[in-house]
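Here's a quick briefing to get you started. Have a look at the sequence and the structure first, then read on.

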Amino acid sequence: MLVDQIYSIIHMVEALAEQANINMLYLETILKIIGVAYIAEFASQITKDAGQGTLSSKIELGGKILILSMAIPILTVLIETILNLIPA
């Protein structure tokens, strides 16, 4: 039941991105980042429930590092765009 809802949301976001003429590579990256965040949070909560607080914090750190590494291309384009808007 949830998969259908998630599919509808992703489809709606893709349609909006197409209307706004946004590169689909960026949208795919953002959706992957969201997925990593949810998976890391889920795994962290499971390990906390199992009494493994230390492992939980390591999972959270790993998730944050993955998110940061996946976001670097988007951040690079964003910074380049801002620099191009500023007159030299």
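Which residues make the nonpolar surface patch of about 760 Å²? The patch is made by Leu 68, Ile 72, Leu 75, Leu 78, Ile 79, Ile 82, Leu 83 and Ile 86. Bear in mind that this is a predicted model. The points below go through the helices, the salt bridge, the patch and a loop residue.

**How H2 and H3 pack**

- Two packed helices are described by the angle between their axes and the distance between the axes.
- For H2 and H3, the axes come within 8 Å and cross at roughly 175°.
- Since an angle over 145 degrees counts as roughly antiparallel, H2 is roughly antiparallel to H3.
- On the H2 side, the residues making the contact include Tyr 26, Ile 30, Ile 33, Val 36, Ala 40, Ser 44 and Lys 48.
- On the H3 side, they include Gly 53, Ser 56, Ile 59, Glu 60, Gly 63, Ile 67, Ala 71 and Val 77.

**A closer look at Ser 56**

- Ser 56 sits in helix H3.
- This serine is buried, because its relative accessible area is 1% and the cut-off for buried is under 20%.
- Leaving aside residues up to four places away in sequence, Ser 56 touches Ser 44, Thr 47 and Lys 48.

**The salt bridge**

- Side chains of opposite charge can pair when their charged atoms come close.
- There's one salt bridge in the structure, and the side chains that meet in it belong to Lys 48 and Glu 60, at 3.5 Å from N to O.
- Lys 48 lies in helix H2 (residues 24–49) and Glu 60 in helix H3, so the pair ties together parts that are twelve residues apart in sequence.
- Both partners are partly exposed: Lys 48 has a relative accessible area of 42%, and Glu 60 has 25%.

- With a relative accessible area of 48%, Ile 86 is partly exposed.
- How many residues apart in sequence are Ile 6 and Ile 79? They are 73 residues apart in sequence, and their C-alpha atoms are 31 Å apart in space.
- Ile 6 itself lies in helix H1 and is partly exposed, at 48% relative accessible area.

**Asn 21 in the loop**

- Where is Asn 21 found? Asn 21 is in the loop between helix H1 (2–19) and H2.
- The phi of Asn 21 is near 60°, which is a positive value in a residue other than glycine.
- Is Asn 21 buried or exposed? Asn 21 is exposed, because its relative accessible area is 71% and the cut-off for exposed is over 50%.

Definitions and conventions. Residues are numbered from 1 along each chain as its sequence is written. This is a predicted model: local features need pLDDT of at least 70, side-chain atom pairs count only at pLDDT 80 or more; totals for chains, interfaces and linings use all residues. Side-chain values use heavy atoms; hydrogens and water are left out. Patches are made of residues with over 30% relative accessible area and no salt bridge: like charges are joined within 9 Å, nonpolar side chains (Val, Leu, Ile, Met, Phe, Trp, Tyr) within 5 Å. Accessible areas come from the Shrake-Rupley method with a 1.4 Å probe; for residues, only the protein chains shown count as cover. A salt bridge is a side-chain nitrogen of Lys or Arg within 4 Å of a carboxyl oxygen of Asp or Glu. Buried means under 20% relative accessible area, exposed over 50%, partly exposed in between (1.4 Å probe, protein chains only). Helices (H or I, at least four residues) and strands (E, at least two) are DSSP runs, numbered from the N terminus. Axes are lines fitted to C-alpha atoms, for helices over the stretch in contact, and angles run from 0 to 180 degrees between N-to-C directions. Angles under 35 degrees count as roughly parallel, over 145 as roughly antiparallel, 65 to 115 as roughly perpendicular and the rest as oblique. Contact means heavy atoms within 4.5 Å.
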